[in-house]
Number of protein chains: 2
Amino acid sequence: MLREAIYHRPKNNWSYAYDRETIHIRVRTKRDDVVKVTLIHGDKYSWSVIGSQKIDMNVISRDHLFDYWHAEVKPTFRRLKYGFKFQSANDTIWLNEQGFHESEPENQNLYFDFPFLNPADVFTPPSWVKDAIFYQIFPERFANGDPSIDPEDAEPWGGEPKPHNFFGGDLQGIIDHLDYLTELGVNAIYFNPLFEAPTNHKYDTIDYLKIDPHFGTNEKMKELVEACHSRGIKVLLDAVFNHSGGRFPPFLDVKENGAESRYADWFHVREFPLEVRDRVPTYDTFAFEAHMPKLNTENAEVQQYLLEVARYWIEEIGVDGWRLDVANEVDHRFWRKFRDVVKAANPEAYILGEIWHDSQPWLAGDQFDAVMNYPLTDAILDYAVKETRDGRQFADLVGYLHAAYPQQAAEVAFNLLGSHDTPRLLTICGEDKRRMKLATVIQFTLSGTPCVYYGDEVGLTGEHDPGCRKCMEWDESKQDRDLFRFFAELIKLRKDHRALRDGTYELLYSESGIQAVAFAREYDCEKFFIALNAGNVDATVVVAAGKASSYEVVFGEA
Amino acid sequence: MLREAIYHRPKNNWSYAYDRETIHIRVRTKRDDVVKVTLIHGDKYSWSVIGSQKIDMNVISRDHLFDYWHAEVKPTFRRLKYGFKFQSANDTIWLNEQGFHESEPENQNLYFDFPFLNPADVFTPPSWVKDAIFYQIFPERFANGDPSIDPEDAEPWGGEPKPHNFFGGDLQGIIDHLDYLTELGVNAIYFNPLFEAPTNHKYDTIDYLKIDPHFGTNEKMKELVEACHSRGIKVLLDAVFNHSGGRFPPFLDVKENGAESRYADWFHVREFPLEVRDRVPTYDTFAFEAHMPKLNTENAEVQQYLLEVARYWIEEIGVDGWRLDVANEVDHRFWRKFRDVVKAANPEAYILGEIWHDSQPWLAGDQFDAVMNYPLTDAILDYAVKETRDGRQFADLVGYLHAAYPQQAAEVAFNLLGSHDTPRLLTICGEDKRRMKLATVIQFTLSGTPCVYYGDEVGLTGEHDPGCRKCMEWDESKQDRDLFRFFAELIKLRKDHRALRDGTYELLYSESGIQAVAFAREYDCEKFFIALNAGNVDATVVVAAGKASSYEVVFGEA
């Protein structure tokens, strides 16, 4: 057995409370190296009297190098001491906190410890998120419902999107098309920023408490939220708290008054005055964008302001949560306070962080409910579209991600195939709709919450920003209705079957050099077999139907 | 190269801010498998323009299976993208967040990310702790300075300690012997609980805001703290916040009024009424101790009460920090609030958790400054006293612990060889003073803050509780003065030389089956060589003196 491959360290994705009574324990071994892993566990204060219990662990997933083993325990007194027994064909070893042993260690004090399952520490994402199908709207480009509030230089709907032009999209336009979203079947909307800001993307906020006048008013936003809620659609806003815009009044004050400004500590100023020297601002910014000064979220006044923003839109306007822009560049302490305020305003509010990387430090229950799952985006596109990843490589990354976070985080991962920050899915696919559909089927049949970027469902194309921010196509004759029906059908399938939203995941087939993959999702007595082929040659995959008495082809061809 | 052995996951001990400008990056490889590791790093927003930089990593420690590599970077814009290049005799591979590669990966987006060094998240233990030498006092057994407040049934000083007897130790007794502590040289005291409680150990609090009347008054405590401070001695109190005592008024109220009590939610009640059924209380407790009901630290009133306790003793009485009893069974959310309150009361206050196990989740800067380093206790005793660990096994565990936490946590680890919860050191040593001295030399020459359990320095003996809680011996003719001089000399040596408190650690020699070990501690132009031999046969260890121009034997024999 390869001892160097075996990994367990308490907390994070390795030992955590799944709910108020269940503890999940996981351990990693070299792939195909170990045939059986046993979890040895007991109560630390009665182990010496009652002794330990033993349960088999199961492989929940595997990646290129490792198998991931999992077990769950509901300890009577919410405390757990535990260790592992590993068996291979000709070797048996034990692991406790002291390391490896050739025989079962006796001293229970030296086993791993899950000290106490405190409810306050249980990571509990809102229950509705598992059932959500999101639709992302870039407001300036979705629909123009009120030309009277268009920007002065607004261009005719449908023109070429450029970095700085406007087309007059607004809140009334969205209200006017909610029937369309209902027909499509989505039940949640993620809005790019809506607050007052000079650009078309509005990531450079002037006033966090005010809807941009070209989009509408706060009252109009409340009307929109209520119209959504009456249709069973949740509303997620974009919180750009890492940085403000260059015209944010406190920033203008610091620009003018320097160190004397009462807002001087609201930003991270390296040197006064605020200016750009050799393309580098004298203050911290998002990237090197002079008009996006980084907010000092350690400052008590900044915290008070932003936390009031967080509360206001939930309590007064009724939105259902926040998507946090550049979330990983803001301090953890601020996000913990943010979570307290948001969950106090609405315990079922959803907090989604924009993080493109490994996100474990934000997914322990004290900060975010989920992150934008870009690593999965890459895996799907590499496999289904670019063919730079074969079936085995695809399945390996899915397997890795499946075990990389606590289960409740994996269940609500925000799965997207494109956004305002990437080229359009159909464009990435070289306008090959078959590949687009394949990628989308994967997105909708893996665990995690899928999100459709506005217009993908009717065939919008476009390269990276600004191309991906085209006006929505409302002329049905120019919409790809076949694609629309495909999305609507897939959305319905997912909504109708809990196995697809909340079922177990089991990889059934993947081989190096082969583009076919098969996996299953199962919940209660319903089991879905998903067989994919990203290659151009036919493939036959034989999978065992298990205890199924009958089957039905629900999507695609068999 | 063994890929399965290579481990890096951002945060925790693998990538963290050491101070407001320095980021530490670490990676693990199979022991003796890799000859060179290079850190490739750059700013994520200018990498594509400026490119990356490369620096060599160093092995900071090794254990049974692994080498631990370390590098530090001070990125201009406090952001870091990074990856690793590993070289062995005949193999070169690269690692980024996507996994291993046969050539240097180009896409910097796929490298590891340290998103932003936010000062709020920097783990900063109080600076004085590195320089502290603690002395632990079990108050009932240290000195009786005021017989007028003895418990009614107090026995004559020096009698046999039993689970429930009293000898009259008090605060005045401690004040009377501060000159003794100054002579010994310690500069910090950790007190076992002082608050009103029925037992002699006082871990079953009645009133957290009141000194036990048999110990003195709150005014007397203030006098003690001031007397300590005037001698340069810090004071650490014991916070028993996991559970109260059985006579804590809110608990008595719940016992009497059950679910109707206004304190019903102050505890974790599984079933009313509160009673013990078949030796198991119907409410959560410490272990199964019916008179130690677990406090519900999620309850806002409980939080308010305990946080006021935390503030009161620091702000009103002047104590310098808290040692937290059964710290790992209390929720993380509570400890984060606790840290905020404590650091607001005194930014230099010290928070020390009682955790016997791996403590990474509490040592990220948001909860504790240090934990009681029992794993090191085991390593030292196994090696120096019990000889169940050879030199290599000892050095391996020290090496593991050295890399297991952020450097600032390792620097202030609370290193103890015994306490009120273990047999006395001299007793563990079978009263072999040579072994006791060897163990103590290790304790005082490794990084971390040493703590002497009262009386160890004059030869007190005793088995596990109650034996280890004997009355302090104040008759000099009965004190082991040789041992006292040994401790005083060792304490002075550590206080005089920053290399021993704050120097780098370098293992120089350890071999399987051999009881000799040598390591070095170095700071500026001072370097200590520590050569140990726990065996009964002479050993010769040859170490390179490096750039030293002269040397001196400062302790022991050469």
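The model is predicted, so local features need pLDDT of at least 70 and side-chain atom pairs count only at pLDDT 80 or more, while totals for chains, interfaces and linings use all residues. Residues are numbered from 1 along each chain as its sequence is written, chains are lettered from A and ligands numbered from 1 in the order in which they are written, and side-chain values use heavy atoms, with hydrogens and water left out.

**Aromatic pairs**

A search of the whole structure gives 87 aromatic pairs over all chains. Rings of Phe, Tyr and Trp (its six-membered ring) pair if their centres lie within 6.5 Å; planes under 30 degrees apart count as stacked, over 60 as edge-to-face and the rest as tilted.

Please select A:Y208 and A:F241. Their ring centres are 5.7 Å apart and their planes stand at 70°, so this pair is edge-to-face. A:Y208 belongs to strand 14 (residues 207-211) of chain A, whereas A:F241 is in the loop between strand 15 (234-239) and helix 5 (249-257) of that chain, 33 residues apart. Helices (H or I, at least four residues) and strands (E, at least two) are DSSP runs, numbered from the N terminus. Both A:Y208 and A:F241 are buried; buried means under 20% relative accessible area, exposed over 50%, and partly exposed in between (1.4 Å probe, protein chains only).

Next, select B:Y208 and B:F248. These rings form an edge-to-face pair, 5.7 Å centre to centre with 90° between the planes. B:Y208 lies in strand 14 (residues 207-211) of chain B and B:F248 in the loop between strand 15 (234-239) and helix 5 (249-257) of chain B, so the pair ties together parts 40 residues apart in sequence. B:Y208 is buried at a relative accessible area of 0%, and B:F248 is buried at 2%.

**Charges over rings**

A charge sits over a ring if NZ of Lys or CZ of Arg is within 6 Å of the ring centre and within 35 degrees of the ring normal. Select A:R79, which lies over the face of B:F288 at 4.9 Å from the ring centre. Then turn to B:K202, whose charged end sits over the ring of B:F215, 5.3 Å from its centre.

**The interface of chains A and B**

Display both chains together. Highlight B:E4, B:R9 and B:H357, which supply 14% of the area that chain B buries against chain A, more than any other three residues.

Across this interface there are 12 salt bridges, each a side-chain nitrogen of Lys or Arg within 4 Å of a carboxyl oxygen of Asp or Glu. Select B:R336 and A:D366, which form a salt bridge with their closest N and O atoms 3.4 Å apart.

**Two loop residues in chain A**

Select A:Q515, in the loop between strand 23 (504-510) and strand 24 (516-523) of chain A. A:Q515 is buried, with a relative accessible area of 14%. Leaving aside neighbours within four places in sequence, its contacts include A:Y383, A:R389 and A:L532.

Finally, select A:G459, in the loop between strand 22 (449-453) and helix 13 (481-496) of chain A. A:G459 and A:L426 are 33 residues apart in sequence and 6.8 Å apart in space, C-alpha to C-alpha.

Note on methods: Buried area is the accessible area (1.4 Å probe) that two parts lose on being put together, summed over both. Contact means heavy atoms within 4.5 Å.
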